[in-house]
Amino acid sequence: MESDKFICIREKVGEQAQVVIVDLSDPTTPIRRPISAESAIMNPASKVIALKDAGKTLQIFNIEMKSKMKAHTMAEEVIFWKWISVNTVALVTETAVYHWSMEGDSLPQKMFDRHASLAGCQIINYRTDENQKWLLLIGISAQQNRVVGAMQLYSVDRKVSQPIEGHAAAFAEFKVEGNAKPSTLFCFAVRSPAGGKLHIIEVGQPAAGNQPFVKKAVDVFFPPEAQTDFPVAMQVNKLKKQVCILSSPL
């Protein structure tokens, strides 16, 4: 689930694959459509759906207008994709990350090459800050009887990547008391042999007149019955100023 407006499910009834779209404002009348695509992701705000077939072809449809908005065939297979805004889909291949805008006839734009530290990883998430100036690719792999998390943090302005060990992460805009403008914070959690940690740091230079955010690192407790758990997802509650971490067993 990537939206608080829609739930999109791909299911198979007999031999026929179909997509079921539940509009949470009208949950009793789900939309059902037969599809041949192997993956379907719903736009977070409107009745627009992106479809990916077993090959390299991507399509975006407007469900209400019953029309195809865009289509593109990638040179490489897309192994992970998600909507990162109401008008942009992120596409991850084995070698690079692309952003595909719904605007006009634009083609997917390559944002950065994947770092060697994510080679062989299963990609589980992709996050950006509000302005899409900081991009984060997250993968996991099994090593020595535990799940190791690998992240690639990329600065669009500086065009540089930083590999980080971590399993789950999120960006947040946070206004430090006394500052005129909010700071862009990068929060990430990691479960290493030494234990669990949550790190919160400011990325980029503080805005003019702002005091820098003091970085934080706190222990994340895993009870005895969750010794194989590792962080798999993170959300920031802006109203309560809380970081929520979801874990899963190996």
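This is a predicted model: local features need pLDDT of at least 70, side-chain atom pairs count only at pLDDT 80 or more; totals for chains, interfaces and linings use all residues.

Residues are numbered from 1 along each chain as its sequence is written, and side-chain values use heavy atoms, with hydrogens and water left out.

The protein chain is assigned domain 1 (1-112) and domain 2 (114-249); such bounds come from an automatic or database domain assignment. Domain 1 gives 16 residues to the contact and domain 2 gives 13 residues, where contact means heavy atoms within 4.5 Å. The C-alpha centres of the two domains are 26 Å apart.

Arg114 and Glu94 form a salt bridge, with their closest N and O atoms 3.9 Å apart. The rule asks for a side-chain nitrogen of Lys or Arg within 4 Å of a carboxyl oxygen of Asp or Glu.

Where does the largest pocket lie? Both domain 1 and domain 2 give residues to its lining, so the largest pocket lies between them. A pocket here is an open set of points on a 1 Å grid over the protein atoms alone, where a 1.4 Å probe fits, with protein on both sides within 12 Å along at least five of seven lines; lining residues have an atom within 4 Å of a point.

The lining of the largest pocket comprises 30 residues, and Glu2, Lys82, Arg127, Thr128 and Gln235 lie nearest its centre.
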